[in-house]
Amino acid sequence: MKFGVIVFPGSNCDLDAYHLVRDVLGAPVEYIWHAEQSVAGFDCLILPGGFSYGDYLRCGAIARFSPVMPAVVDFARHGGLVLGICNGFQILTEAGLLPGALYANTSLQFRCRFTTLRVENTDTPFTRGLAPGQLLSIPIAHGEGNYYVDPATLQEMEARGQIVFRYADREGRITPEANPNGSVGNIAGICNETRNVLGMMPHPERAGEALLGSTDGLLLFKSILDYWKEGSR
Amino acid sequence: MWRAEIKVLLKKSVLDPQGRAVENALTSLGYTNVNRVRIGKYLEVTIATPDRAAAEAQVREMCTRLLTNPVIEDYTFTLVEVEA
């Protein structure tokens, strides 16, 4: 199974994602420059964090029209695994691969700290190795991670199991105090209807080694690898 | 040629954190009669076409595709005829 990390001008978590997949997970990985027009040969695409195109106009608004994006959309529509982290999540919503939008934190502050995530859906390629309600310690680093979606769509997403992670306190309670950015329903990560596209504001690639304070993020990548191995057996 | 003057605001249903912070600041300055402060964006785009209807259609298309995010934002615009 081969991972691809898409590099936009202004991406700055691409090296972290690459390092985690190659050196910690031990899986093949290559960078994909945004000017490429094909993602052939890759099995899971990672859209990393950063400030693609300076986040001009809106976060992800310009990156979503990068030359590589039609191939990413096509890959996703055909069931390919796509993981958008932070700015990558913003790009996926702008591209219409995930519902809703991300905008300024209600605090108007850039929040850079560990958060506790509660796993809401384990029936996805990204979370199948986790337990329902499991708590993960994974850091955030963003100023515009306030997830919004209209109430009707939110209800449909809940019914379809598209809410994958919520910000929780250390006891797993979903409280306003545990919400770092004002997201509706404390939402930290969502998937599409077919569950092959995941977007999340927290950075699992920054939580893959004990030295970094948590190894919980690695569990997502292990899930992806297990899913792939099982599928190709 | 036309100059499109485009105003973009967060939808009324979407909380505007900047607007709220500024509203609080205005209130603390003693302007206790202000409310519903909204902060948005103003964009100008010059479009080379003789036809007003074509310019209008193009502005709408550009707003939908790139200039705004219809999930969270609304926009209004006016067209001003300008010399080439």
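Modeller: This is a predicted model, and what follows takes its cores and then some of its strands.

Colleague: What makes the set of 79 residues a nonpolar core?

Modeller: A core is made of buried residues of nonpolar kinds joined through C-beta atoms within 7 Å. The largest such set here has 79 residues, and those with the most contacts inside it include A:Val5, A:Ile46 and A:Val82. Its largest share, six residues, comes from helix α5(A), residues 216–231.

Colleague: What is A:Val5 in contact with, beyond its neighbours within four places in sequence?

Modeller: Its partners include A:Asp14, A:Tyr31, A:Ile46 and A:Pro48. They count as contacts because the C-beta atoms lie within 7 Å.

Colleague: How do you know that both faces of strand β11(A) are covered?

Modeller: A:Val197 and A:Gly199 on one side are buried, as are A:Leu198 and A:Met200 on the other. Buried means 20 or more other C-beta atoms within 10 Å, so each of these four residues meets that cut-off.

Colleague: Why is β11(A) said to pair with β4(A) and with β10(A)?

Modeller: Pairing needs at least two bridges. β4(A) and β11(A) have four, in the parallel sense, with A:Gly84 bridged to A:Gly199. β10(A) and β11(A) have three, in the antiparallel sense, and A:Gly189 stands opposite A:Met200. Both therefore qualify as pairs.

How values were computed: Residues numbered from 1 in each chain as written. Chains lettered and ligands numbered in written order. Predicted model: local features only at pLDDT ≥ 70, side-chain atom pairs only at ≥ 80, totals over all residues. Buried ≥ 20, exposed ≤ 12 C-beta atoms within 10 Å, placed from the backbone. Helix = DSSP H or I, 4+ residues; strand = E, 2+ residues; numbered from the N terminus. Contact = placed C-beta atoms within 7 Å.
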